[in-house]
Amino acid sequence: MHLLRLLAVLIAGVLVTTSIRAEVLPVLEICSVCRCLEGGAEDSTVVVECLGDALRHEQQKTRLDLRGIVWPVAKDRSGTLKVRAYFADLELHYLPKLPTSTSLIELHFENDSIKSLLTEPFDNFKNLEVLTITNNALGSLDKDFFTAPNNLRKLDLSNNSLTAVTALERAHFEALETIDLSHNKLKAVSLQLVRALQSVSIVRLEACDIYNWDSGDRPTQWQVLNLNRNKLTVVSATTFASLERLKALYLAYNEIQHIDPLAFEALNRLERLDLSYNHVTNLEANLAVPKSLTMISVAGNGMERWPFGKVSENLRILEIQNNAIADFSTGQPVSVIILNASNNRLDSFAGDSFPEVTELDLSFNALTDVPRNLGKQLRTLVLDGNPMQTVFFETEVPLSVLSLNFMPELTGLDAFSFWKLVGAESEKEQDCVEIRISNCPKLKHIDAKAFEETSICKLDLSNNQLTTIPRTLVNWDDLHGGINLQGNPLNCDCSEQWLVDVILPKLYDQEELQYLLDNLRCASPANRSGKRLVKYLNHREPFCGGGSGSSSGPRMERLQMESGPRKASAIAVDSSDEIAQAGFLSRIICSVEDPDCLHAHEGHGMIVLGVIVAVTLILSITMIVILIVRRLRPKPPVSADGVWLMRSRY
């Protein structure tokens, strides 16, 4: 009997010993399997990058076991080292308790298929400041997590599948400044979590399916709260009452239908409020808007009238686009400097109501005339997509940018259309304006004096129906920002010869503007249809007789044979265009209509040059050899008769 007991004890001891040996973990020098980047002499940091396929070949065969990691240490024992570690695209599945390191200050796990965490996996990092576990598969956070004092400042648990975060309710986050729980499935946030995070400054909870919110009655230190893309339906007077220090509140893309008039009254430090893309068709006229508010967005709510009773004097940015408002009767001057009122139903606009506005977007409304009295501070005016048939500025407007794109009914620009337009581009040597008039399907005519009295720095007339461009339209030398005439059905006859002589060189000679040659093509006559205008660069009057074979020859003054590498050009390549084949710009050195036309391409130009040089050398050597042979040939003796014959010639 005693013998059997002794045998059982021995067997148990062997099993325990075997188990202990099985748990002995191999030491893993992290820099031997991952990339470690050291900072400079003055920067005592090491960045550890363990990025999926970038691991050493031996480690790729097995899953990376983090339990045996040996972290980098300072070379000088008296020195300090800061380690930032990144683990991405690994099949970790769970996070164990990692080995100790007092040097680790940042730890990032991204797209590592992590589904669970062991209890206190980061307890060994007393100096950890940033922790990221994002784009993983965490379903819950219920095991102890930072329950001991710590120095964590930023925690990112976004883009997981978290339905519960009870561990955070028990955590100690005295130093935490930012927490990101966005793109999870929380559905609700408990009062315990709000209290645990009361010292945090930035809280991100967007896209968490949250349908109800109550911040309780305890004041917090929160300054930014992002609840975009949730399922909130009502904002009551108490919903955010305790968040007295809040400076920015984001509630966009929820399902809010009702906002209590006192919902934001207690937020006397609030500067930014985003209520866009909800279902708040009518804000209460007596809505208490904090005086501290500098930006508010109510875009995309289906509003049909001006939504505010009284607007704060400090309001600077107002976004009210994508509604159904037909009248901006504010009842008072509004001091905003940036106003986006695009995509409404405005058929008129009272500029007097916004005397300080500098950026005004009235695009895609029902305006048939340019608004009047737009104010002396205006610098950017966007009128895209309005049904104007003509454009005329009746009152003086100082602008740096004017946009008239996508005008469905605009047919032409008459003389002096912009005569009251004053350039206000302060960064240039002289005040000037950038004008954009593109993608207007009916714009076929521009009067030569349309821009009379207007100083323009940049002009975009692309993708209209213009067949001709008046040469005297503007002072083309002043357009340092570029001239975009692409996408028009240009008639390349003699009247447009000036485009080749004036416009092409300006665009071609500045590499940053060569993209404006990409789709600058002829539409007529038939023999030039579809051809890029740059094809005719360096040809003498190709539109005025050069096409009939009577050309007086190419202009050779721009011909260049360049060697060495050249920076890639911004101009796009058309495989059917002779001058852009193989992706090289060319220098045309013969008549454009000559079927034997020779083009010296950059790259190919060296081959042509080499052939010419080789032929020249061969001919030169041949002539030299012939001369040498003649000189070395022995002369026949001269007889007396020969001498008499020679003398008889004189």
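This is a predicted model: local features need pLDDT of at least 70, side-chain atom pairs count only at pLDDT 80 or more; totals for chains, interfaces and linings use all residues.
Residues are numbered from 1 along each chain as its sequence is written, and side-chain values use heavy atoms, with hydrogens and water left out.

I then checked the pairing. Strand 5 and strand 7 (residues 104-110) run parallel, over six bridges. Strand 5 (residues 82-88) also pairs in the parallel sense with strand 3 (residues 45-51), over seven bridges. There, Val-48 stands opposite Ala-85. My terms: strands (E, at least two residues) and helices (H or I, at least four) are DSSP runs numbered from the N terminus; two strands pair if DSSP finds at least two bridges between them.

**Core**

I asked which residues have the most contacts inside the largest nonpolar core. They are Phe-87 and Leu-107, in a core of 156 residues. Helix 6 (residues 497-508) gives the most to this core, seven residues. A nonpolar core here is a set of buried Ala, Val, Leu, Ile, Met, Phe, Trp, Tyr and Cys residues joined through side-chain atoms within 4.5 Å. Buried means under 20% relative accessible area, exposed over 50%, partly exposed in between (1.4 Å probe, protein chains only).

I listed the partners of Leu-107, leaving aside neighbours within four places in sequence; among them are Trp-71, Ala-85, Phe-87, Phe-122 and Phe-125. Contact means heavy atoms within 4.5 Å.

**Ser-158**

I found Ser-158 in the loop between strand 10 (154-156) and helix 4 (166-169). Ser-158 is buried because its relative accessible area is 4%. Beyond four places in sequence, its contacts include Asn-135, Asp-180 and Asn-184.

**Salt bridges**

I searched the whole structure and got twelve salt bridges. The criterion is a side-chain nitrogen of Lys or Arg within 4 Å of a carboxyl oxygen of Asp or Glu.

I looked at Glu-49 and Arg-35: their side chains meet at 2.5 Å, N to O. The pair links distant parts of the chain, Glu-49 in strand 3 and Arg-35 in strand 2 (residues 35-38), 14 residues apart. Arg-35 is partly exposed, at 47%.

Next came Asp-123 and Lys-97, bridged at 3.9 Å, N to O. Asp-123 lies in the loop between strand 8 (116-117) and strand 9 (130-134), and Lys-97 in the loop between strand 6 (94-95) and strand 7, so the pair ties together parts that are 26 residues apart in sequence. Asp-123 is partly exposed at 26% relative accessibility, and Lys-97 is partly exposed at 39%.

Glu-206 bridges to Arg-204, with the closest N and O atoms 2.3 Å apart. Which of these is buried? Glu-206 is, at 8% relative accessibility; Arg-204 is partly exposed, at 34%. I also noted one network, in which salt bridges that share partners join Lys-97, Asp-123 and Lys-126.

**Whole chain**

The protein chain has eight helices and 34 strands. Of its 650 residues, 44% are buried. The chain exposes about 33600 Å², with carbon and sulfur atoms supplying 52% of it; areas come from the Shrake-Rupley method with a 1.4 Å probe, and for residues only the protein chains shown count as cover.
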